[in-house]
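Hi everyone, thanks for coming. Please take a look at the picture on the screen, and then we can walk through it together.

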Amino acid sequence: MIIDLEHVTKDFRGTRAVSDVSLHLESGENVCLVGESGSGKTTIARMIMGLEKVSGGTITVHGKPVQGGGRLSRELQMVFQDPFSSFNPRHTIGYALIRALQAGSDLDRRKARERAVDLLDQVGLQPAEEMLARYPDELSGGQRQRVSIARAVGGGAQFVVADEPTSMLDVSVASRILQLLRDLMRLNVSYLFITHNLAVARYIADRIVVLYRGEIVEEGPADEIVSDPKHPYTKLLLECTPDPERPKRARTERVARTDLPGDPDLWCPYADRCPYFTQECTAPVEVQQVEGRRVRCTLYSPERMSADTAIR
Amino acid sequence: MTAPVTAALDTPASLTLHDFSVTYHRGRHIVEAVRRVNLTVRRGEVLGVVGESGCGKSSLALGLLHLLPADKASVGGSVKIGSHELVGASSAELQEVRWRDVSVVPQSAMNALSPVLRIGDQIADVVRAHTQESKRSARRTAEDVLVRVGLQPEHARSFPHELSGGMRQRAVIAMAIALEPEIVILDEPTTALDVVTQQLVLEQIMELRAEIGFSLVFITHDLPLLLEWSDRIAVMYAGGFVEIGPQQQIAENPLHPYTRKLLGSFPSLRGQRDEMATIPGQPWDLRRRGRGCLFAPRCDARMDVCTAETPHLVTEDGRAVACFLHHNNVSPDGAAIEGATA
């Protein structure tokens with residue numbers, strides 16, 4: 001399964017939520033979108049799922065354009081952040097799961113039921129038979145998230161979009177859900193995972209895409225992004241991620257500029273907060289290829305790199 | 001490593017809990033949410049309280065100031081702010097103490113703010129309830145504290161829904177520090193925020209603490225976060241403390257098996273990517289009474305003694321642990337000790 005985003009833009013009533021995002025996703029690789037609130041992570045996920053229309057650019061799944069509100073591909077499924085609103089409270093878990101399994105397939109009810117029991121067992125909900133008869137409000141948040149995951153992977157999904165699936169769960173529950181998601185990779189499931197925590201991103205993903213105010217600012221292999229971030233914003237994000245192994249944190253310089261010249265739409269989105277700001281940052285910033293990574297920052301422009309003034 | 005602890009022991013206590021308990025009555029059920037805990041918070045100290053949902057940490061925060069409904073919950077033991085006893089105090093006395101000596105910021109900032117009043121007026125109300133300030137001067141005080149927490153004076157005229165999550169959290173903190181209390185208790189202050197906003201809010205709180213000098217009790221389930229911000233950490237399980245110690249010792253050499261599991265159940269920024277421990281089983285159901293160590297059903301270093309007797313919090317060299325693996329008067333079999341110290 002191949003998902004392609006080409007220069008995708010999304011505006012909500014004149015506010016730009018996603019700006020010129022190009023991204024290539026392929027099953028077999030796990031990718032994580034990382035960024036703070038309002039960085040456009042969820043909007044991108046919803047556009048891929050066809051839950052939101054693009055304002056500009058194109059999204060294609062297997063070469064076919066995604067239509068907002070259109071029918072979803074069975075191979076592409078989503079797990080939402082809030083396990084409490086992902087189920088119809090009037091139907092049992094069994095009903096929700098069996099219906100999802102039957103949709104678009106030729107499984108009869110009996111077969112679908114067997115498969116549902118099997119799935120619940122796989123995601124660690126036992127006794128599975130008994131779970132089928134339960135209503136969503138009889139399950140805890142972690143259990144519901146497990147059902148969501150079973151529903152997503154059950155229909156043979158190759159690609160699961162998971163939007164902060166653990167952020168509303170308790171520590172011990174969250175770690176087990178993360179472990180389950182990793183476990184399921186053996187079923188050839190790949191993830192587009194969304195989080196603001198780089199440690200979680202590194203645990204789940206092979207590749208990390210860092211978003212800031214709707215733009216991709218850095219993209220590269222997960223390990224490298226976490227061990228050696230290039231973009232000043234990625235550096236900030238890493239610094240803000242709790243790390244018990246790091247010595248007590250020294251606070252880096254925080255800036256907030258309000259007097260930038262020119263047209264705000266053209267600036268680097270991080271210009272007003274960046275400690276490495278120069279005049280070049282008020283003009284459109286090209287994406288640079290740095291050591292196998294994409295970085296959108298003037299620090300890595302060919303001129304600056306050859307002058308060797310880049311920060312390390 | 002012992003130096004800061006000894007120093008802390010010399011400073012006067014802001015808050016002392018002695019056999020403090022919080023009990024809920026639900027019909028015939030009795031839920032012991034906080035079970036006779038003992039704790040001292042020194043002046044100027046940041047004490048982190050960590051534990052899973054349902055371990056009683058929020059009950060602890062709310063119970064201190066009797067912020068729980070009196071017909072459903074009762075508190076016992078002793079809570080002292082300086083030399084002032086709060087358990088058994090009249091509601092007028094408690095009213096005096098709240099905000100002036102102790103501020104409790106509950107989980108989710110929206111719960112602390114009224115949606116129908118302007119931020120500035122809510123802070124001014126708190127100020128006027130405890131001082132002789134005129135309405136006008138209290139409003140000015142409100143604007144001043146909003147600036148102190150990094151907001152603009154104009155935000156005094158905003159309603160809570162007009163602010164972002166991070167700004168609302170700052171507004172509640174402004175209210176908490178308006179009267180420069182002795183101690184501020186923050187219950188999951190940053191859980192709903194993203195990592196960057198969380199960092200900025202915590203930096204601000206620590207700056208204010210340095211300026212005003214209040215002690216801080218910081219309650220969360222996020223142990224890595226606590227390790228970065230606290231001087232001392234108290235680990236709570238099933239309504240009691242299972243380990244209390246200086247931040248560095250908890251980070252480098254956690255003693256209680258629960259602390260160790262908790263520390264391991266967050267993905268790391270270093271080391272093996274797929275390395276993450278999980279805690280088996282469910283947290284202890286506080287409606288149950290139980291015998292012995294309440295973590296025993298989930299513990300992989302469990303011994304016979306653990307289900308027969310209750311381990312008490314034993315203090316040695318400035319750190320305390322409630323676990324038979326570390327109590328010398330019990331002689332556990334060697335295998336368990338080896339397994340625990342490995």
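Let me start with a question for you: is A:Arg304 buried or exposed? Keep in mind that what you see is a predicted model. A:Arg304 has a relative accessible area of 16%, and buried means under 20%, so A:Arg304 is buried.

Who is its partner? A:Arg304 makes a salt bridge with A:Glu280, and the closest N and O atoms are 3.2 Å apart. A:Arg304 sits in helix H10 of chain A, while A:Glu280 is in the loop between H9 and strand E11, so this pair ties together parts that are 24 residues apart in sequence. A:Glu280 itself is partly exposed, with a relative accessible area of 37%. If pairs like this are new to you, here is the general idea: side chains of opposite charge can pair when their charged atoms come close.

Now a second pair in chain A. A:Asp228 forms a salt bridge with A:Arg293, with 3.9 Å between the closest N and O atoms. Here A:Asp228 lies in the loop between helix H8 and helix H9, and A:Arg293 belongs to strand E12, so the two tie together parts that are 65 residues apart in sequence. At 30% relative accessibility A:Asp228 counts as partly exposed, whereas A:Arg293, at 2%, counts as buried. Both residues also belong to a network of salt bridges, which links A:Glu218, A:Glu224, A:Asp228, A:Lys230, A:Glu291 and A:Arg293.

Over to chain B for a moment. B:Asp121 and B:Arg139 form a salt bridge, their closest N and O atoms being 2.9 Å apart. B:Asp121 counts as partly exposed at 24% relative accessibility, and B:Arg139 counts as partly exposed at 42%. Over all chains, the structure holds 35 salt bridges.

Next, where the chains meet. How many residues does each chain bring to the contact? Chain B gives 38 residues and chain A gives 37. Between them the two chains bury about 3400 Å², with 53% of it on carbon and sulfur atoms. On the chain B side, B:Glu228, B:Leu269 and B:Arg273 supply 26% of the area buried against chain A, more than any other three residues. There are two salt bridges between chain B and chain A. In one salt bridge, the side chains of B:Arg273 and A:Asp206 meet at 3.7 Å, N to O.

Let's finish with some helices in chain A. Helix H2 (residues 93-102) and helix H3 (residues 109-122) pack at an angle of about 115°, with their axes 9 Å apart, and H2(A) passes H3(A) in a right-handed crossing. The residues in this contact divide into seven nonpolar, one polar and three charged. Among them are A:Leu97 and A:Leu101 from H2(A), and A:Ala116 and A:Leu119 from H3(A).

Last stop: helix H1, residues 41-48 of chain A. H1(A) is mostly covered, with six of its eight residues buried, including A:Ile44 and A:Met47. After H1(A) comes A:Gly50, whose phi is positive, near 75°.

Key
Residues numbered from 1 in each chain as written. Chains lettered and ligands numbered in written order. Predicted model: local features only at pLDDT ≥ 70, side-chain atom pairs only at ≥ 80, totals over all residues. Heavy atoms only, no water. Buried < 20%, exposed > 50% of the residue type's maximum accessible area, 1.4 Å probe, protein only. Helix = DSSP H or I, 4+ residues; strand = E, 2+ residues; numbered from the N terminus. Axes fitted to C-alpha atoms, helices over the stretch in contact; angles between N-to-C directions. Left-handed = near helix turned anticlockwise from the far one by under 90°. Contact = heavy atoms within 4.5 Å. Nonpolar A, V, L, I, M, F, W, Y, C, P; charged D, E, K, R; others polar. Buried area = accessible area lost by both parts, 1.4 Å probe. Salt bridge = Lys/Arg side-chain N within 4 Å of Asp/Glu carboxyl O.
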